[in-house]
Amino acid sequence: MLFAQLPDDLFRPLASPSRAFNASLLLHLHRRVIGSEPMRKADLLAEIGEFAAGRETRELADDASFPPDAIERRSVLYRRFLESGWLIERRERYVPVVEFDPEARLLLEELSRIERGETRSYGGAVLEVLGSLESALANPGERSEALANAAREAEAFLSHLRSLAGSMRKIEDRILREEDRRAAFRLYFEDFVERHLISDYRTLHTRFNPFRFRSAIVREAGRALRDALLIRALAEGLVREGRAADLDAGERAVRADLAEILGVFEGIDRHLDAVDEVVARMERRIAAAVRYMDRPDAGGVERTAAALRAVGAAGSAPDMPAAISLLRPPIGEAHLSTPRRTRPPIDNDPLPEIFVDPRIEAFVSAKAEFRRRTTVTPRSMADFVEARLTADGSLRGSEIPVADIDAFVVFQRLREIDVLFEGELGTRYGVTHLTERLSNGWLDCPDFVLRRVVSGPAADTAERAPK
């Protein structure tokens, strides 16, 4: 798609004999000279002249189209970029200004990223997938596009993980084809170890490795695939934002994105195993090369065989120092390399089936019912009072019948009705505390009188009510 979308003339400076110089000049102009705002043509010509003057002439020796004069050379470079479509010239208030073509700027950004050698952060990629997925599932109506972003990030992450194993195998082939041991070791430690084994591979085997979020991504994506209402809400968001023709197409797109995310993070183990195989194979070969890198002794085997034959032909054991034993290995460090141990397979234990005892369920239900009956609420207290108020809107505590435990639970709190629940019922009922005492078999306390507090339109209604 890169060559199909961009004009052909755009690649002429990058295919000329001076392509290295042209690419360096374009990247220099992109990073340090031409920013987001247009630049005066005279200033741009001066920048091109300074850059060309600071370069070695051998970079331009193969291109006969460059004149020797510095002023003419900068003009030729400017016209070449202008004619090939890299630059656009226009006028602002009669002053000629120059800026990069939008399509050319996109190509320059990709070339600049390749030149910088930006590495992919595994932790950042996994967190981007998890963050976008959680954002889309938490607010499917307004952030449905985040699901497509999560699917793209998951695919890019998998592509980079594949390229890691491919790059390691490529360097392995270069090391095996190298005849010079010094060059082979340089390739191993500089390209393989420093570039991949430390910067990328080590990231996968640290304590805070990025795959600790893998289970959360798989769980959220699997839950969303099983939720038909959530998929429909995401599809409606796609249709509303114009990224799906109808609801059916939107649901297919949502299911495809969720399946993509789920497939990437469920099948990532085989890619990690491929990387581990390359690393283990390279370590074995380098260890073998180090062990046998000394020049072999051609006569060592013959001398050892002759010594063994002489020992076998002797009638008695040879005289040996007491400190040396043929039954004990030599004292010293073990120099044999230990092969990398493969990761043991993860045993999957089936989850036990949990059977809830009916007696436990009955106990939990009884506790909930007990809590409901013993908890006084504003509504239960208001219903209790309204059912017992007299015609004049008053109620004396000693005259309230308490027939059961439910009535007693509310009755014992009536003296505090005006301050309970942050004074919620204080605007409806007032309490007058008396000096007499009441005793009803449930409670012995000072007597009190409750009255309905009526004001405004409610007072007029109370006055017109029949006595």
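**Surface, fold and salt bridges of the predicted chain**

The chain exposes about 31,200 Å², of which carbon and sulfur atoms supply 53%; accessible areas come from the Shrake-Rupley method with a 1.4 Å probe, and for residues only the protein chains shown count as cover. The model is predicted, so local features need pLDDT of at least 70 and side-chain atom pairs count only at pLDDT 80 or more, while totals for chains, interfaces and linings use all residues. Residues are numbered from 1 along each chain as its sequence is written, and side-chain values use heavy atoms, with hydrogens and water left out.

The chain has 19 helices and six strands, assigned as DSSP runs numbered from the N terminus (helices H or I, at least four residues; strands E, at least two). Of its 467 residues, 32% count as buried; buried denotes under 20% relative accessible area, exposed over 50%, and partly exposed the range in between (1.4 Å probe, protein chains only). Among contacts with a separation of 6 or more, 67% come from residues 24 or more positions apart, a contact being heavy atoms within 4.5 Å.

The structure holds 17 salt bridges, each defined as a side-chain nitrogen of Lys or Arg within 4 Å of a carboxyl oxygen of Asp or Glu. One of them joins Arg-232 to Glu-251, with 3.5 Å between the closest N and O atoms. This pair links distant parts of the chain, 19 residues apart: Arg-232 belongs to helix α11 (residues 228–240) and Glu-251 to helix α12 (residues 247–266). Arg-232 is partly exposed because its relative accessibility is 39%, whereas Glu-251, at 18%, counts as buried.

A salt bridge is also formed between Glu-369 and Arg-372, with an N to O distance of 2.3 Å. Both residues lie in helix α15 (residues 358–374), three residues apart, which is about one turn of the helix. Glu-369 has a relative accessible area of 36% and is therefore partly exposed; Arg-372, at 53%, counts as exposed.

In the salt bridge between Arg-359 and Asp-357, the closest N and O atoms are 2.9 Å apart. Arg-359 is exposed, its relative accessible area being 66%, and Asp-357 is partly exposed at 25%. Finally, Arg-90, Glu-92 and Glu-99 are linked in a network of salt bridges.
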